[in-house]
Amino acid sequence: MDAPRILLTNDDGIGSVGFRALYEGLSTVGDVVAVAPADDQSSVGRTVSTAVTVDDHEYGYAVHGTPVDCVIAGLGSICPDADLVVSGCNKGGNLGAYVLGRSGTVSAAVEAAFFGVPAISVSMYIEGGDDWASLATEPADFATARRATKHLVEHATTNGVFEAADYLNVNVPFRDNAGVTGSIPMRVTRPSMRYEMGAERNGDREIELKDGIWELMRGDSVDDPVGTDRRAVADGEISVSPLTAPHATKHHDALDEIVAGYTARTEGSS
């Protein structure tokens with residue numbers, strides 16, 4: 001098989017170190033075209049614009065818009081012959097079912113799936129507190145994420161993986177990159193259903209929204225079951241969740257009866 005044509009995007013911005021790490025790594029296994037946000041677009045979810053401005057960039061194209069804008073502009077105009085979309089590498093984990101809809105990194109992969117193009121979203125979980133911003137500042141810090149992504153691009157795209165999954169959500173623990181020796185295992189996972197969002201009033205008018213899961217992870221207090229994405233990363237494993245993009249539906253007899261009852265009642269009253 002010929003080397004795949006890869007549309008590479010992210011949500012941290014085209015100038016981010018994680019993006020550079022993947023661009024350099026994937027360029028050894030495919031034809032990479034960068035179509036990524038011109039600046040940081042973290043946590044914008046599937047926000048879409050009506051028009052975007054595109055500038056030439058040394059890696060490809062810098063889009064003044066969201067990750068979803070980048071995928072639509074990329075697959076719809078700039079790079080319509082792409083075989084695969086890769087989104088990342090995000091600095092910070094995208095773990096748990098509740099995060100999937102708000103992450104710009106993951107949303108780019110979801111958008112690609114609606115185009116019928118397989119995708120991989122890649123994030124690196126960093127176990128840090130107040131020093132979080134000072135960690136993972138060099139491409140070498142993303143070596144494990146780059147290696148894992150290259151492996152998936154080389155093998156998952158040729159072995160029927162995307163006949164069952166629309167996209168893969170990959171999360172890599174940072175501590176292996178920070179000096180832990182030896183190989184790091186990879187595990188197939190499902191998104192954790194644990195939800196720790198809460199709200200606290202701060203004064204008369206402000207309510208602070210908090211995600212308590214990060215504090216639990218820093219304290220080694222996460223008890224998510226084996227097989228979930230968060231458990232894998234907490235155990236020092238690379239998490240790979242095979243996911244589908246269209247929202248699933250399930251037949252429900254009771255709902256059929258409710259709908260039929262409404263229809264009958266409406267017809268009877270007309």
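Let me start with helix H3. Its buried residues are Gly-104, Thr-105, Val-106, Ser-107, Ala-108, Ala-109, Val-110, Glu-111, Ala-112 and Ala-113. Buried means under 20% relative accessible area, exposed over 50%, partly exposed in between, with a 1.4 Å probe and protein chains only. Helices are DSSP runs of H or I with at least four residues, strands are runs of E with at least two, and both are numbered from the N terminus.

A word on the source. This is a predicted model, where local features need pLDDT of at least 70, side-chain atom pairs count only at pLDDT 80 or more, and totals for chains, interfaces and linings use all residues. Residues are numbered from 1 along each chain as its sequence is written, and side-chain values use heavy atoms, with hydrogens and water left out.

Back to H3. Why is H3 largely enclosed by the rest of the structure? Because 10 of its 11 residues are buried. What do those buried residues pack against? Strand S1 (5-9), helix H2 (67-78), S5, S6 and strand S7 (167-173). Contact here means heavy atoms within 4.5 Å.

Now the ends of H3. Ser-103 caps the N-terminal end, with a side-chain oxygen 3.2 Å from the backbone nitrogen of Thr-105. Just after the helix, Gly-116 has a positive phi of about 80°.

H3 also brings us to a pocket. Helix H3 (residues 104-114) gives three residues to the lining of the second largest pocket, the most of any element. That pocket holds about 270 Å³. It has 13 lining residues, and nearest its centre are Val-110, Tyr-167, Thr-244, Ala-245 and His-247. By class, the lining has eight nonpolar, four polar and one charged residues.

Next, the largest pocket. Its volume is about 570 Å³. There are 21 lining residues, with Lys-91, Gly-92, Gly-93, Trp-132 and Trp-214 closest to the centre. Strand S5 (84-91) and helix H6 (213-218) are the elements that give two or more residues to this lining. The lining divides into five nonpolar, nine polar and seven charged residues.

On the terms: a pocket is an open set of points on a 1 Å grid over the protein atoms alone, where a 1.4 Å probe fits, with protein on both sides within 12 Å along at least five of seven lines; lining residues have an atom within 4 Å of a point.

Ala-136 sits in the loop between strand S6 (119-125) and helix H4 (143-156). Is Ala-136 buried or exposed? Buried, at 4% relative accessibility. Leaving out residues up to four places away in sequence, Ala-136 touches Val-17, Lys-91, Met-124, Ile-126, Asp-141, Phe-142 and Phe-174.

Last stop, Ser-241. This residue is in strand S11 (residues 238-243). Ser-241 is buried, at 1% relative accessible area. Its side chain makes a polar contact of 2.7 Å with that of Thr-189. A polar contact is a pair of N or O atoms within 3.5 Å; within protein, one must be able to donate a hydrogen and the other to accept it, and residues adjacent in sequence count only if both atoms are side-chain atoms. Beyond four places in sequence, the contacts of Ser-241 include Tyr-167, Leu-168, Asn-169 and Asp-229.

Conventions. Points joined across faces, edges and corners; volume = space filled by probe spheres on them. Nonpolar A, V, L, I, M, F, W, Y, C, P; charged D, E, K, R; others polar.
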